[in-house]
Each structure stands twice: as C-alpha cells, then as structure tokens.
Amino acid sequence: MRTPLLIFALCMLLFSSVASAQEKDELDKYIQHLKDDNAGPRKETGFLSAGSDFLYGQGYFDAKNYSSAEWYFMDVVKKQKDNAFANYQLAISLIRQNDAAKKQQAQEYLDAAFRLNPSLKDRYQKDVPAGTITATQTTPANNPPATSTPPANNPPNNNPVTTNLTGLDAYIDRLKRSSATFGAETAMNTAGQEALYGIGYYEKNDLGSAETRFRLALARDAEQPYINYMMAISLAAQGNKEAAKPFLQKAFAKDASLVRRYDNDLPKAMAEWKKLEDAKQVKTSPPTKETYGGRLVFGNYTCHQSVWNGPNRSPAYSFQYKGYFALKADGTYRWLDNGQTGRYKYDAKTGNITWLSGYFKTSGVKSTQYKVDKEMAQATVNFSESYRWECGCERK
C-alpha cells in the first residue's frame, strides 16, 4: 500500500516544482495583462495609448531590437511616469545596447522602477546576472525620471562624465553621450548630429558616406576643428589629398594635437578603405578548361540540341530530342534501333571520335569530342560552330 502513496507524493512534488518554475513574476503578468486587453476590450491598449506603446516596445524587445524598444518604452514613461514596468524595460533596453552612455542613462529609470516596485530587483538579477549596472536608489520619491526632451537651458554637454579622453577622442565621446541622453549638441539639424552620423560611417570605413555627412556638419559649423579633421582624413584616405588640405589646415590651426595624430590616423584609414574597396571587387575565376578523352563508355547515347528561345524568354534555352545511337566495343555504332550501322575510330588522348561510315559519316558531322566523368559520358557532335548535339550515356 505504500508504493501508490509514494508515487502520488512524487508526482505532486514534481507538479509543484514545474508549477513553481513556470510561475510568472509581476512584469510577466503585466505584459500578459496588456496582451489580453489588446485581444479583448482594449481599455488599456487602444490607439496611441500607453498600453499600446508598451506592447510595441515589448515586441521589439522580444526581437532583441533594443534601440527601437527604447523609443516605445520612453513614450510610455512620458505618458505614465509612475509605470514601474515601463521604467524597468526602458532601463534594460538601454543596458542591452552595450553603450556606456546608455548604461549611465539607464540608471535613473532603474532606480525609479525599483522605487515604484521593489519586486523588480529579483527580476533584475535574472535579466542582468552579471550586474552590468548597480541601482543606487538615490532618486527621491517626488523626482520622476527625466524625459527625452532636455530643459531649454541645458548646456550642450548636459550629462558630463569624467573620462581620461582628450581632443578628438573626447569630442567623439561627447557626441555619443549627447545622442544617448538626448543632449542639445546632437539635436535635430545640428552640426553635432550630422557629425555623429559621419563618425558612424567613418568607423565602418565607409568614407564616401562619412564625407557627405561631414560636409553637412561643416555647413552648420565651418570652424569646428574635429569635423574639419575627420573630413580631411576621409578625403585623403580616398586619394583626394589636395581637396583635404584646407580642412586639415583649419583643424591644425585650432588644435595642434591633431598634427601628431595625422601620421597615424591617415595610413590606418587608407588601409581600411582599401580593404573595404577590395572586398567590393567581384572576383572571377578563369573558366574551367574542358578535358576530353578517357576510356570509352559503351551503351546508348541520347542526343539533344540546345535551342536559344530568344531575348527575355524564360527559360532561355529548350532542348530538342534528336535520337540516340548505340556505341559498341567492337568499333561499330548503330543509329537508332535496327538503324544504319557504321564504324568509328577513337583517340583516347584527345577525345576525338572519327566516324568512318554510317549515319554520322553521311550527315555532315565536322567533329565529335568525347569526355567522361563519374556519372556521365558525353559526346559532343559538332555539325557547325553554331549547331551541335550533346549526346549522353549514364554510367552504371
């Protein structure tokens, strides 16, 4: 009697473990709640609602498109600043983009999420097990997280971070941080925004596109030394050193440290540009030389003529059946069943078959070339340069 009870107890324990493993936390329950609402009454997920934005963001999040997810979760936070789950998913979206500035930006949203819903700390341990960023929980209860629109009186570098970078490196880092934190320096239609686009192309060695963006940036700020410098490098690396000179002179005049960089930056950019251009070249292999000759395969050879169907036709070629011949080991062949029999001579070194008599001797054949591979033996019967038959015999 103990055995059934033991089995029952084990089953209940297993069921309990599975149920526990499958139990959803509060974030999962919130996401499912929005999905159910969207499939039903849509009280929380109607058109342009915060719930609808959240689901769009979650869709991108699940697809690992964290930059797009960031924008939708940001919209939710702007509409519902006390939505703990939107703050949390926004923070994780920023962290998973693996950008130092975005990780820093994530801190305030993570703090807000933990303050609004402390249970998310357990979720965080699962989502970011390595502790990519540590919540400080310093955000006061009455101080909501910042929105994507900076105050009008913020200076260009409104999120300063102490680094050891200087000169051009510091400028690039500052632009990236400004973009990540919606700073004024990289706002719409600014020199910084165009320069950052150019830097993105430059880092991918697409110097032609980088040059275009740097020109747009200089149209807005012609004196910026680092944009002038990167414009000069982009031009010179593509072989336009004369065109690069005025930009380079302006950059050197504003920041002498760029003179020391130039001798290292230009050769590196030239090498990367050449590598990219070489990769674009279509590499063609020389045509494979046909090898004729070899040991004859005896049997029935079925013949077809390849006919071009004309321009813009599909298929381009059709194959017209012409008949078959039986090739025999005794030096004879026969055209079709009970047809004319003739003799042939074969040169195994050149692959040439010479028809001594019979059908092919009297039908105007100029030459016949024979080749064989593992699966098929083929005789190409040439009547003229533009008219030939391909006759094949499958090897057994």
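Visitor: Which residue forms a salt bridge with E242?

Guide: A salt bridge is a side-chain nitrogen of Lys or Arg within 4 Å of a carboxyl oxygen of Asp or Glu. For E242 the closest N and O atoms of the pair are 3.0 Å apart. Both residues lie in helix α12 (residues 241-254), three residues apart, about one turn of the helix. The partner of E242 is K245.

Visitor: What kind of model is this, and how are residues numbered?

Guide: This is a predicted model, in which local features need pLDDT of at least 70, side-chain atom pairs count only at pLDDT 80 or more, and totals for chains, interfaces and linings use all residues. Side-chain values use heavy atoms, with hydrogens and water left out, and residues are numbered along each chain as its sequence is written, from 1.

Visitor: Is E242 buried or exposed?

Guide: Buried means under 20% relative accessible area, exposed over 50%, and partly exposed in between, with a 1.4 Å probe and protein chains only. E242 has a relative accessible area of 59%, so E242 counts as exposed. The class of E242 is exposed.

Visitor: Which residues are joined with R123 into one network of salt bridges?

Guide: R123 forms a salt bridge with D127, with 3.0 Å between the closest N and O atoms. The two are four residues apart in helix α7 (residues 120-127), and both are buried. Through shared partners, R123 is joined into one network with D25, D28 and D127.

Visitor: Which helices are linked by the salt bridge of K176 and E203?

Guide: The side chains of K176 and E203 meet at 3.0 Å, N to O. The pair links distant parts of the chain, 27 residues apart. K176 is partly exposed at 30%, and E203 is partly exposed at 47%. The helices are α8 (residues 167-180) for K176 and α9 (residues 191-203) for E203.

Visitor: How many helices and strands does the protein chain have?

Guide: Helices (H or I, at least four residues) and strands (E, at least two) are DSSP runs, numbered from the N terminus. On that basis the protein chain has 14 helices and eight strands.

Visitor: Why is the pair of Y60 and Y72 called stacked?

Guide: Rings of Phe, Tyr and Trp (its six-membered ring) pair if their centres lie within 6.5 Å; planes under 30 degrees apart count as stacked, over 60 as edge-to-face and the rest as tilted. The structure holds 26 aromatic pairs. In the pair of Y60 and Y72 the centres are 5.7 Å apart and the planes are at 20°, so the pair is stacked. Y60 lies in helix α3 (residues 50-62) and Y72, 12 residues away, in helix α4 (residues 66-79).

Visitor: What is the arrangement of the rings of Y344 and W355?

Guide: Y344 is in strand β4 (residues 341-346) and W355 in strand β5 (residues 353-355). Both residues are buried, and both belong to one aromatic cluster, whose members include Y333 and W335. Their ring centres are 6.4 Å apart and the planes are at 65°, so the arrangement is edge-to-face.

Visitor: How many bridges join strand β1 to β2?

Guide: Two strands pair if DSSP finds at least two bridges between them. Strand β1 (residues 299-308) and β2 run antiparallel, and T302 has Y324 in β2 as its bridge partner. The number of bridges joining β1 to β2 is 10.

Visitor: Which residue takes a positive phi in the hairpin of β2 and β3?

Guide: Strand β2 (residues 317-327) and strand β3 (residues 332-335) pair in the antiparallel sense over three bridges. In β3, R334 stands opposite A326, and Y333 is the bridge partner of L327. The hairpin has four residues between the strands, and the one with a positive phi near 85° is G331.

Visitor: Which residue of β4 is the bridge partner of Y333?

Guide: β3 and β4 run antiparallel and are joined by three bridges. They form a hairpin with five residues between them, and L336 in the turn has a positive phi of about 60°. The partner of Y333 in β4 is G342.
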